[in-house]
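The sequence and the structure come first.

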Amino acid sequence: QLQLVESGGGLVQPGGSLRLSCAASGFTLDYYGIGWFRQAPGKEREGVSCITAGGSTNYADSVKGRFTISRNNAKNTVYLQMNSLKPEDTAVYYCAAAQTRLCRNPYDYWGQGTQVTVSS
């Protein structure tokens, strides 16, 4: 069964940090572009960050300098390190994998999401 599983979400105070993980089973993440997305209540889903199979990365302007995406191919996992968190970062975070190996649609596999809440 091919699936992605996110973990690492939770409740954190403003200014705090979290590291999200996106683990794959049934396929190898090495050959995929992996994107992180988020959706806050009442808002559309937005792209947060992405890493290509070749290791190129990009970030939404709202998270540049605060978030870092990385991949550990040996663990078949992609991470999103989130620092200096703000209340506006509160959302459900999803990871997705693209067979194109790039950071663009279509994304073929999606995880179930992990909740991140930034609040004092």
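## Disulfides

A disulfide is a pair of cysteine sulfur atoms within 2.5 Å. The whole structure holds 2 disulfides, and their pattern is 1-3, 2-4, with bonded cysteines counted along the chain.

This is a predicted model: local features need pLDDT of at least 70, side-chain atom pairs count only at pLDDT 80 or more, and totals for chains, interfaces and linings use all residues. Residues are numbered from 1 along each chain as its sequence is written, and side-chain values use heavy atoms, with hydrogens and water left out.

## Cys22 and Cys95

The sulfur atoms of Cys22 and Cys95 are 2.1 Å apart. The link is right-handed, with 75 degrees about the S-S bond. Cys22 is in strand β3 and Cys95 in strand β9, 73 residues apart; strands are DSSP runs of E, at least two residues long, numbered from the N terminus. Both Cys22 and Cys95 are buried (under 20% relative accessible area, with exposed over 50% and partly exposed in between; 1.4 Å probe, protein chains only).

## Cys50 and Cys103

Cys50 is joined to Cys103, S to S 2.0 Å. This link is left-handed, with -95 degrees about the S-S bond. Cys50 is buried at 4% relative accessibility, whereas Cys103 is partly exposed at 23%.

## Nonpolar cores

A nonpolar core is a set of buried Ala, Val, Leu, Ile, Met, Phe, Trp, Tyr and Cys residues joined through side-chain atoms within 4.5 Å. The largest has 29 residues, and Leu4, Trp36, Leu80, Met82 and Tyr93 have the most contacts inside it. Apart from it lies another core of 5 residues, including Cys50 and Tyr107.

Key. Helix = DSSP H or I, 4+ residues; strand = E, 2+ residues; numbered from the N terminus.
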